[in-house]
Structures are given as C-alpha cells and as structure tokens.
Amino acid sequence: MTTFDAARLVAAREIKVKLRDKTFLFSTVFFLLIAVASTVLPAWLNGGPDTVAVSPAAAASADALRQSGVTVRTVASDAEAEKLVRDGDADAAVVGGPRVLALEEAPGDVVDALSRQPEVRLLEPNERDSYLQFIVPFALAFIFFTTSFTFGLQISQSVTEEKATRIVEILVASIPVRAMLAGKVAAMTLLAFAQIAVITLVTFAGMRIGGVDTGVITLIAPAIGWFLPFFIVGFIMLATLWAGAGALAARQEDLGAVSAPVQMAVMIPFLLTLILVENPTAMTILSYIPLSAPLAMPVRAFTGELAPWEPFLSLAVLAATAAGLLALGARVYEGSLLRTNGRTSFRTALRSRSLIS
Amino acid sequence: MTDVLTVDAVSRNFGDRQVLKDVTFGVTAGRLTGFVGANGAGKTTTMRIILGVLAADQGVVSWRGAPLDRPTRRRFGYMPEERGLYPKMTVTDQIVYLGRLHGLGRDDARRRTAALLERLQLTERAGDHVEKLSLGNQQRVQIAAALIHDPEVLVLDEPFSGLDPIAVETVVGVLRERAARGVPVLFSSHQLELVERLCDDLVIIADGTIRAAGGRAELRASYALPRYAIEVAADAGWLRDQPGVTLVSLDGPRAVLDLDAGHDDQEVLRSALARGPVRSFGPVQPSLAEIFREVVSA
C-alpha cells in the first residue's frame, strides 16, 4: 500500500464522517435555502401589478400599458375601475386625467409605462450595474472566507479529536503521517468545493426560475474562472495551517487559543479586501500577498484593471507559499501529534524529531 | 529457538534525560514474552521505537535479521498504552477501517472483523458507537484493532490494564492462540502475577537498562535462593538451633528457611526425620515479584 492509497482511505473516512455530521448537513441546507431565497423570492414577491383596469377616459394609455407587459382590463367607468382596485381584482387602475389608482404604493411600472423619459447618453458607460459591482467582490471574498474558516476549523477539530482520543498512535504506527495529513486536507477541500458547487448551481438555477437576468453569468465568468484555482491553492495552504494548529492542541478546549494565529491569518485578509476594495493600489498589493491573493485577485479579475500575466504571477507566488507552508504544517503536525499531554508550543513541535517520517 | 525480533543497543534521550541506555533483547517466534518494569522504566518508549512511532537515537530494531522498515512494520500488531478509538464510529466500521489501513481489501477486512468480533464476544455490539460501550468492551475492541490484519508480530503495551477478570481470560486465550501459530508476542504489564502465569520469556527493565532477559524457568533457576519450606508433625521451633539455617518464617509446624553456603538440605531433612514425621520438604521457587525486586535493586 502506497502513501497515496493510505491518504485515500483517510480521506474516504473523513468524508463519510462529515456526510453524517448534522452540523455539516444543516449548514449546507441553510446555505441552499439562502441561495433559493435570494434569487427566486424577490422575483416572486415583486411581481408588480399584473392586472391594470383602464377606464374609457384613459383608453389612450392601454397600448402603452400592454407594451410594458401588464394585463389590461378595460372597464366601463372610472368608478368601476376604482372598485376593482379596492376589491383587489386589479392591482392598479388608470382613469381619466390620466390618473393612476393603487391601494398603498405607487405602482412604479405603471407610472413608468405612462411617462415619457428623456434620452440618456452616458459618456463613460459601465457595462456592469452598480449592484453587481458591489455584490460580486463581496460574495467571492465572503465565500472564500467562510469556507476556509469553517472547513479549516473542522480540519483542526478532526486532528485534535484523534489526538484527544489517543487513536493517533495506532494510526501513526500504521500509515505515514503525511498520508494522514494529505487525506484530511484532500477530504475537506473536496467537501468545501462540493458544497460551493452545489450552492452555485442552485443559485444559477434559482436565477433562471426567478427570471433574474442571466447575463450576469457571462459578466462574472472571468472572476469565477480565476476564483477556482486561487480558491483551491489558497484553501490547501490554509488547510495545512489548520491541521498544524489542531495537532498543537491536546484537547478541543485548547483549540481556540492554539488556532488564534490561523484565525487571524484568515480573517485579516478578508477584512482588508472588503475595506480596500475601492482602492486599486491597495488591491494590487493585496492580490500578490499569498494570504489575501485568493480574495483580491478574483475581485480584480472582475473589476477588470488587470494585465493578463498578473493572475499567473500571483498564483505562482501563492503556490510556492502553499508548498512552503505545507512543509511547515506537516512538520508541526508530525512534531506534536504524539505529545498528548497538554498543549505543544510551536517551537517544541518544530524542534521535535520524535517521529520517523 | 532463535529471536526473530531483536532490539539491538537502542538508546534514546528526551532532552537531557536518557530514558533508554543500550537496550538489547530478543523476542522468539511462538512465545509470549513479558516485558516488566516499574513506571517510567522505559517500556513504552521501547515499544514505540519497535513500532517506529518514535525514532531511536542509536541502535536498531531488526526483524529476521534485517532492520525494520515501514512495509514490515505494517504487518505488526500494536496496542499502545494510551488507548483510543474514534468515539463516534461503530465498532465494525472502526476495525474495518484500521484493517484497511494495514492494507486489507474491503471485503477481506469485513470478513475478518466479523470473525474477530465473534471471537472476542463483541458481535452484539458490532453496530454500536464505541463511546456507548463499557470500558471493558472498549478494551476488547482495542485488542481487535491490534489483531485485525493477522499480524506477524504482536506488541502490546499493558494489554490487561483496565480489563475485568473475564476479559483478561479472553485476551489471554487469544494471545496464546496467536503464539501457538508461531507469532512472537511482546507484552508489557505491571501485574506480575499475570505475567508469571502467562509468559514463556521475560525481559526486565529498570531505569532504561535491561536488567535480566531469558526463559522464565531459567531466570527462576538462576535467581533461586537456597530456600526451603518444611512442614513437620510437631512444632518446628528446633530449626532455630540447626547449624547453617536462617529462619525466614515460622508458624507452628511450618517453616521457611534459608540455607547458608556449605550446608546440605538433606542434613536438615535428616534432623527433622530424627524428631518425628515430616509432611513435606522442598525448595521454594522465587516468585516473579521476588526476582523482580532483586534484579531491580541490584
């Protein structure tokens, strides 16, 4: 049996355990509900006035209304039109004047359909609307942050569990430590990725059902395209750090304190990216610092001010750092795994050569 | 009778403290070898080095003449002193998983797990989470974890601690079975009576050095004192005045005595017979506890 086989067995067990874990299942369902709610519900709730009663005095408005897509119901008099609105049989009415009748809120689309708007010419048009401009960077950063934080913490917990329950010694005697580490990281990367993929699919499906303009998919495609490789490499880099932190703790209670530096390493780049997203110079710097590159570079790919070679260079820097931290994380992991009496200091773990690897 | 597993001149430090000094001994195929020592004497460290969980500073551990490597060690069965299993995994899943980590195929692992749980009387609990099991049953699962891949060598650190008497008998039975199939078994224990009853060979360690090693009978013989027990019909008080005799204990007609060098046991027997009937007379074998005390204090 090779190290690879052993790592696969470890990964298979981790995935099996996770898929039976209620917290994991609930969080996935919760995210899916949010995805559905944020795409399907607005369209469903904001149906707009579907039926508009038009009295003979306003007959001239009927064509304009039909063109805007609402159902026009022609009635005999202004009074009858008003009655239909009051009874809820029509969402709005247009009567002599022309005046628009509605119950509580001014029906924006009816008003728009009847208004003449001046022509607008943009001197520097931006093809993305401001909502997307704000939400896409935020969403990408948020996905990377929550995923690397929650799944990372679970890697730590799973490592600490093996230490706290003492099963670790049997494992270490059976398979290489590297296989244990690789299996855990691979399993969590896969699960994190699968969770995001499912949520993304549901979101897009929801956008179709909800009739949200699917043109956004083409708009955010470059950002997503870069988000994937940065996500994978960045996630693996952090996952090893989380595993190392988990190995330093002897009990779940120690984990919070021991993993604090890793938590900071995930949290600070996220906050910086959110705060500095409007500042091109800062974002350029952030997109090359390995800890913030997975957050900042896809955002820059979306906002567009990016030379073609930049993501490649940044990804190379990230991959090199990931490899370095992988070695460091593995070292800490090996050095502290069998020190089951209390917390192990980072330095002890590095110096320890207790394990054969 | 040759040693298949040999520990050769192994030393190990933790910081400034030397916990193993030049440890050398062998384990013979098909025999149960008891590894005895006080807490902190170096038993666990030695076993961890055999399994490759710890590295030795100096010295080698060999299997059939070749230094141990990982593929060979994977065929070893190990029960660490610090017990542990996944609390939220079922007994079967757990053993199957550990079997697969030792290189068994899925079906093979399942079949062997079922058979082993049957042998250890755990079949009823096969689907339970380990955390729901009693301590004794958890220990049996731990034994199963060490045996699942039919190991070529068994290294068990305190396999009997925490076991109830019935479980001890089950485990003793299983270990004897394995030894009878030619598997060398090394186990540590501080329950000296149990070791005395169970083991064929003994290794005694104190302060990180091997103080004695060999067959149980030979060790007994070499540490045998010139000590005798006698039971006569009347009071045995006269032994106090017998030349060359030091009384160890005296209880009416029964006495235990040590003979000084140059004196013959038959002399004592003749004096006793001259005084009346002798019910029993014979040498006293030292118990393991006594040998242990003597070896360690030396």
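Predicted model: local features only at pLDDT ≥ 70, side-chain atom pairs only at ≥ 80, totals over all residues.
Figure 1. Of the contacts in chain B with a separation of 6 or more, 67% join residues 24 or more positions apart. Chain B holds 10 helices and 14 strands. Its 298 residues include a buried share of 41%. Taken along the principal axes, the C-alpha atoms of chain B fill a box of roughly 75 × 45 × 35 Å.

**Figure 2. The two domains assigned in chain B****.** Domain 1 of chain B covers residues 3-221, and domain 2 covers residues 225-297. Over C-alpha atoms, the centres of domain 1 and domain 2 of chain B are 40 Å apart.

**Figure 3. Close-up of the contact between domain 1 and domain 2 of chain B****.** Here 10 residues of domain 1 of chain B are in contact with nine residues of domain 2 of chain B. On the domain 1 side, four elements of chain B each supply at least two residues: α7 (192-198), β9 (201-206), β10 (209-215) and α8 (216-223). Helix α7(B) gives the most to this side, with three residues. By class, the domain 1 side has seven nonpolar and three charged residues.

**Figure 4. Close-up of the contact between chain A and chain B****.** Chain A brings 19 residues into contact with 21 residues of chain B. On the chain A side, the elements that give two or more residues are α1 (3-19) and α7 (168-174) of chain A. The largest share of this side comes from α7(A), with five residues. The chain A side divides into 11 nonpolar, four polar and four charged residues.

**Figure 5. Close-up of helix α13 packed with helix α14 in chain A****.** Helix α13(A) spans residues 293-303, and helix α14(A) spans residues 310-336. Their axes lie 11 Å apart. The packing angle is about 170°. Angles over 145 degrees count as roughly antiparallel, so α13(A) is roughly antiparallel to α14(A).

**Figure 6. Residues at the contact of α13(A) with α14(A)****.** From α13(A) come A:A293, A:P294, A:M297 and A:A301. They meet A:P311, A:S314, A:V317 and A:L318 of α14(A). By class, this contact has seven nonpolar residues and one polar residue. It has no charged residues.

Methods
Residues numbered from 1 in each chain as written. Chains lettered and ligands numbered in written order. Contact = placed C-beta atoms within 7 Å. Nonpolar A, V, L, I, M, F, W, Y, C, P; charged D, E, K, R; others polar. Domains from an automatic or database assignment. Axes fitted to C-alpha atoms, helices over the stretch in contact; angles between N-to-C directions. Parallel < 35°, antiparallel > 145°, perpendicular 65-115°, else oblique. Buried ≥ 20, exposed ≤ 12 C-beta atoms within 10 Å, placed from the backbone.
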